[in-house]
Amino acid sequence: MAGDISVQEPDSDGSDSSEEMEIVVNVGGVRQVLYGDHLNQYPNTRLAELMNCLSGGYEAIFSLCDDYDPGKKEFYFDRDPDAFKCIIDVYYFGEVHMKKGICPICFKSEMEFWKVDLKFLDDCCKTHLSEKKEELEEIARRVQLILDDLGLDTSLNRWKRCQKYIWKFMEKPESSYPARVVAVLSFLLILTSSVVMCVGTIPELQVVDSEGKSVEHPVLDKIETACIGWFTLEYVLRLLSSPNKLRFALSFMNIIDIFAILPFYVSLILTHLGAKLMELTNVQQAIQALRIMRIARIFKLARHSSGLQTLTYALKRSFKELGLLLMYLAVGIFVFSALGYTMEQSHPETLFKSIPQSFWWAIITMTTVGYGDIYPKTTLGKLNAAISFLCGVIAIALPIHPIINNFVRYYNKQRVLETAAKHELELMGLNAGDKKGGHEGEPAHFLRGAEDDLRQSSHLQVSYSDTFIHLLSDDKHHRTRLQCCK
């Protein structure tokens with residue numbers, strides 16, 4: 001019986017014998033022999049504690065490991081052997097490197113189990129771990145948003161419920177078929193308004209007013225008015241239903257919406273009231289300037305296009321590469337414009353009148369545009385132009401690859417996060433269905449159970465692993481890598 005098996009105590013030599021001791025651990029079926037002189041370097045770790053646990057009996061042994069074979073003097077752990085091979089490097093090299101292919105979150109939990117401080121993790125691995133944490137927090141946020149959209153809280157008053165419904169209807173096209181129709185209609189009206197703005201400048205489609213000046217066709221004005229009316233209604237509804245109105249008003253995309261709408265009303269006011277306050281010429285100039293601001297309307301397309309949003313994010317993440325590109329071009333423009341001006345001074349009909357004027361030639365040459373309005377006429381000037389052309393091509397091509405990589409990486413990441421959020425929601429729903437006694441055929445119960453499960457779980461915000469699968473996490477057994485990595 002287990003109680004009859006005597007536990008071998010360590011030698012009485014003290015620390016010297018402890019350093020000469022060796023222990024055999026079996027982690028996930030992989031045996032490893034470890035020596036006391038290495039383990040005692042970090043006495044607070046689990047393996048170091050294992051050196052001195054034999055004298056405490058089976059209670060002390062099983063508080064540190066899953067099983068123990070007194071015949072073989074072998075300790076058993078139901079943990080990830082690949083992660084363990086990386087973690088024991090701390091005893092030999094003083095730092096831990098995470099092997100490629102191991103889930104960073106699982107590796108962190110393994111380090112916590114073996115009581116190895118995260119400060120021993122190498123900086124490159126810490127960066128990978130922080131990125132994975134951010135991804136899981138983003139997944140948790142998306143799951144929370146999905147559950148918030150599943151139904152309305154009955155504890156809210158009628159106005160709050162109506163406000164939440166309008167917000168979901170206007171902001172989330174995927175929430176329902178009518179919301180998707182409204183989003184498509186808004187997209188088409190943005191395109192229509194942009195086309196009308198362009199077509200209105202064609203002289204053949206303009207009409208002459210009473211003063212003999214060409215103005216936009218009345219039909220185009222009516223279409224423009226209808227589009228502005230829709231944009232105004234859309235903005236007001238979104239503003240009234242917004243949970244945080246200050247944040248809504250200061251959002252970049254909503255500022256663009258304001259700039260797309262205001263010029264119409266300001267020009268309308270100036271047309272009817274401005275003539276009384278200022279000269280008619282000044283009013284017309286102000287109206288013309290405000291009409292130019294209508295080009296901001298095209299940026300509203302970014303609200304309905306995930307591709308444009310991804311491109312914007314990729315450019316934001318590529319500021320370093322873009323700055324490098326501008327620096328290369330700036331240096332090249334200064335150098336080649338100065339050389340071009342100096343080399344062309346010997347020609348009597350030179351087009352290079354000054355170095356600042358030569359900047360224009362250097363810009364259009366290095367960017368491979370070449371309008372032809374200014375060009376070199378001497379042999380040395382032409383040689384300088386050829387070199388500037390080649391340098392411009394190289395300078396522009398170098399940062400392009402990192403920018404494309406940022407775009408592809410962000411786009412793929414968004415797709416993965418979206419899929420992971422849906423997968424997490426399905427797991428929560430399945431677990432909630434099991435807890436409730438099996439209501440697999442009732443979608444409403446399925447969704448309510450998932451939402452209750454999420455709100456009761458304190459692990460949602462950190463979301464380090466599959467903490468939503470309580471059938472696994474509530475067990476006393478340690479989670480293996482397959483259970484942690486979905």
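Is Gly200 buried or exposed? I keep in mind that this is a predicted model. Gly200 has a relative accessible area of 2%, and the cut-off for buried is under 20%, so Gly200 counts as buried.

Next I looked up where Gly200 sits. Gly200 lies in the loop that links α10 (177-199) to β5 (207-208). I then listed its contacts, skipping neighbours within four places in sequence. Gln206, Glu216 and Leu220 are in contact with Gly200.

I moved on to the strands. β1 (residues 22-27) pairs with β4 (residues 74-77) in the parallel sense, over 4 bridges. I noted one of the bridge partners here: Val24 goes with Glu74 in β4. On β4 I also found β3 (residues 67-69), which runs antiparallel to β4 and is joined to it by 3 bridges. Asp67 has Tyr76 in β4 as its bridge partner. β3 and β4 form a hairpin, with 4 residues between the two strands. In that turn, Lys73 has a positive phi of about 55°.

Last, the cysteines. How many disulfides does the structure hold? I count 0 disulfides. Cys86 is in none: the nearest cysteine sulfur belongs to Cys125 and is 8.5 Å away. The cut-off for a disulfide is 2.5 Å between sulfur atoms.

Cys86 is buried, because its relative accessibility is 7%. Cys227 is also buried, with a relative accessible area of 2%.

Terms used: Residues are numbered from 1 along each chain as its sequence is written. This is a predicted model: local features need pLDDT of at least 70, side-chain atom pairs count only at pLDDT 80 or more; totals for chains, interfaces and linings use all residues. Side-chain values use heavy atoms; hydrogens and water are left out. Two strands pair if DSSP finds at least two bridges between them. Buried means under 20% relative accessible area, exposed over 50%, partly exposed in between (1.4 Å probe, protein chains only). Contact means heavy atoms within 4.5 Å.
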